Amino acid sequence: MHDDSRELLDRTAAHAAEFLAGLDARPVAPAGSLTELREALGRSLPEEGTDDVRVVDELVRDTAEGLLASAGGRFFGWVIGGGVPAALAADWLTATWDQNAAMHACGPAVAVVEEVTGAWLKQLLGLPEEASFAFTTGAQSAHVTALAAARHALLAERGWDVERRGLAGAPPLRVLTSGEQHASIDRAVRLLGLGTDQLQAVGTDGEGRIDLPALERALAESDDPTVVCLQAGEINTGAFDPFEEACSLAAARRAWVHVDGAFGLWAAVSDRHRHLLSGVGAADSWTTDAHKWLNVPFDSGLAFVRHPSAHREAMSIRASYLVHAAEESGTPPARDQLDWTPSGPAAPGRYRSTPRSAPWGGGESRR
């Protein structure tokens, strides 16, 4: 490495250390106004190149008054969480190594890091070992991933190949919620082409949880393919839906259950709060964020799907210029990340019990 590159990295590390050291003392709220930030950052492009150390110094200087101290322990505005030191350091290495985490061939080490981490996360969260997983940019993208798998499975059951034929002429797919779902569910439904008119609110009980009798009636009203969206930690009240009962009702009608666990799925690691998730393992898909309670740097969403075939069919792509992971006989095949997320093949990633039979998942048992 050239001496000037080392100087730049040392200087950047010093800026980062100074910022972290000052978190306990600096104001939590940003001090600069919108006008001041625009004036500081919106200078004209220089006619000639600028020394790289100066670029970093000016960036630190010009953004200083517009940074929220959300990485510190005195911020309580949202469920954001600050990256713990080890996660921050690993994030620096991720950017330094600059691996294209789309395929095993582009970076075998990072592909295996995802493989191992996904298995660890399922263990921590108490999710089925057979579930597939994806690392996404956040819970929004994780919802899209999981609900795309649901869309594939439910329409394939009715003989409709949605990835090939699209939604025009497809059986209508409805999405049942309590009516208190996070807005990212609404946007996921829009992005998947279902339309928010397909969202049907069944209401809540006195504790803000999905109304079970109303859910049962709504499920019985139609034989259309149906997704039931439940919540582990509603954004305003923290309510946890009654997963065991709701999943049982949905299974009786062959509906797919998706759990938005962005805020509360991490209760699974707490002896004190794990009971709030009783029965959650009977769902078909789950999402959460690692940048909340796991405290990794932004952004890091997580999607898990009980039915890997539906997940992969909804996401996977093939192209002649790609070098896909070889399926070696007798060993688990290497894992190509692009088979499980909406990210394209050129998009760098970030490291960031009752029996039931269904056409998309076979006869595996739920736990």
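Let's start inside the protein: the second largest cavity holds about 30 Å³ of space. A cavity here is a set of points, on a 1 Å grid over the protein atoms alone, where a 1.4 Å probe fits but cannot get out, and lining residues have an atom within 4 Å of a point. Grid points are joined across faces, edges and corners, and a volume is the space filled by probe spheres set on the points. You are looking at a predicted model, in which local features need pLDDT of at least 70, side-chain atom pairs count only at pLDDT 80 or more, and totals for chains, interfaces and linings use all residues. Residues are numbered from 1 along each chain as its sequence is written, and side-chain values use heavy atoms, with hydrogens and water left out.

Around that second largest cavity you will find T177, S178, Q181, I185, C229, L230, Q231 and D260. Strand β4 (residues 226–231) gives the largest share of this lining, three residues. Helices (H or I, at least four residues) and strands (E, at least two) are DSSP runs, numbered from the N terminus. By class, the lining has three nonpolar, four polar and one charged residues; Ala, Val, Leu, Ile, Met, Phe, Trp, Tyr, Cys and Pro count as nonpolar, Asp, Glu, Lys and Arg as charged, and the others, Gly among them, as polar.

Now to the largest pocket, whose volume is about 1,300 Å³. A pocket is an open set with protein on both sides within 12 Å along at least five of seven lines. Its lining counts 39 residues, and those closest to its centre are A16, F19, L20, L88 and W92. Helix α1 contributes the largest share, nine residues, and α1 (3–21), α3 (52–63) and α4 (85–97) each supply at least two. The lining divides into 25 nonpolar, nine polar and five charged residues.

Next, a helix pair. The axes of α9 (residues 212–221) and α10 (residues 243–252) come within 10 Å and cross at roughly 10 degrees. Angles under 35 degrees count as roughly parallel, so α9 is roughly parallel to α10. Axes are lines fitted to C-alpha atoms, for helices over the stretch in contact, and angles run from 0 to 180 degrees between N-to-C directions. L212, L215, E216 and L219 of α9 meet E245, A246, L249 and A250 of α10, where contact means heavy atoms within 4.5 Å. Six of these residues are nonpolar, none polar and two charged.

Two backbone details deserve a look. Most residues other than glycine have a negative phi, and most peptide bonds are trans. D98, in the loop between α4 and α5 (108–125), has a positive phi of about 55 degrees although it is not a glycine. A cis peptide bond joins F298 and D299, with omega about -10 degrees.

Terms used
Parallel < 35°, antiparallel > 145°, perpendicular 65-115°, else oblique.
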